[in-house]
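Hi there,

Here is the structure I promised to pass on to you. Please have a look at it first, and then read on for what turned up.

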Amino acid sequence: MMVAIKQATTIQPGGVIQITSDQLPAGVRAEVIILVEETVPVMFPTMRSLIGAARGSFKSTAEIDTFLRAERDAWEN
């Protein structure tokens, strides 16, 4: 059985987080989930930065338009 203990803390340099509680018995396994305030910039790629990044993807809307026009022309012939 898991018991939830909620405690706010400040992330220290190097990404170190320290939690101290008398409710935490030594030697017992714990699962930690970290929720960071939205105001902190998270270093994940944005959806916009991923557009055209994958192999076979289009790099611009102009490329997409050109491709679609060629496909439509091929269907009509």
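Predicted model: local features only at pLDDT ≥ 70, side-chain atom pairs only at ≥ 80, totals over all residues.

Let me begin with the overall form. The protein has two helices and zero strands. Its radius of gyration is 25 Å, whereas the globule rule gives 11 Å for 77 residues, so the protein is more spread out than a compact globule. Along the principal axes, the C-alpha atoms fill a box of roughly 75 × 30 × 20 Å.

What about the surface? The accessible surface comes to about 8,100 Å², and 58% of that surface belongs to carbon and sulfur atoms. How many of the 77 residues count as buried? The share is 1%.

Next, the segment before helix H1, which itself covers residues 47–50. Arg29 is found in that segment, and its relative accessibility is 78%; the cut-off for exposed is over 50%, so Arg29 counts as exposed. Arg29 and Met2 are 27 residues apart along the chain, and their C-alpha atoms are separated by 9.8 Å. Ile34 also lies in the segment before H1. With a relative accessibility of 52%, Ile34 counts as exposed too.

Now to helix H2, which spans residues 61–76. Phe67 is found in this helix and counts as partly exposed, at 40% relative accessibility. Which distance separates the C-alpha atoms of Phe67 and Pro25? They are separated by 62 Å, and the two residues are 42 residues apart along the chain. Glu76 is found in helix H2 as well. Glu76 is exposed, with a relative accessible area of 66%. Between the C-alpha atoms of Glu76 and Leu24 there are 71 Å, and these residues are 52 residues apart along the chain.

Finally, the pockets. About 1,200 Å³ of space lies in the largest pocket. Its lining is made up of 27 residues. Which of them lie nearest the centre of the pocket? They are Ile5, Gln7, Ile19, Val32 and Ile33. By type, the lining of the largest pocket divides into 19 nonpolar residues, four polar ones and four charged ones.

Conventions:
Residues numbered from 1 in each chain as written. Heavy atoms only, no water. 1 Å grid on protein atoms, 1.4 Å probe; cavity = no way out; pocket = protein on both sides within 12 Å on 5 of 7 lines; lining within 4 Å. Points joined across faces, edges and corners; volume = space filled by probe spheres on them. Nonpolar A, V, L, I, M, F, W, Y, C, P; charged D, E, K, R; others polar. Helix = DSSP H or I, 4+ residues; strand = E, 2+ residues; numbered from the N terminus. Rg over C-alpha atoms; globule rule 2.2 N^0.38 Å. Buried < 20%, exposed > 50% of the residue type's maximum accessible area, 1.4 Å probe, protein only. Areas by Shrake-Rupley, 256 points an atom, 1.4 Å probe, with all protein chains shown as cover.
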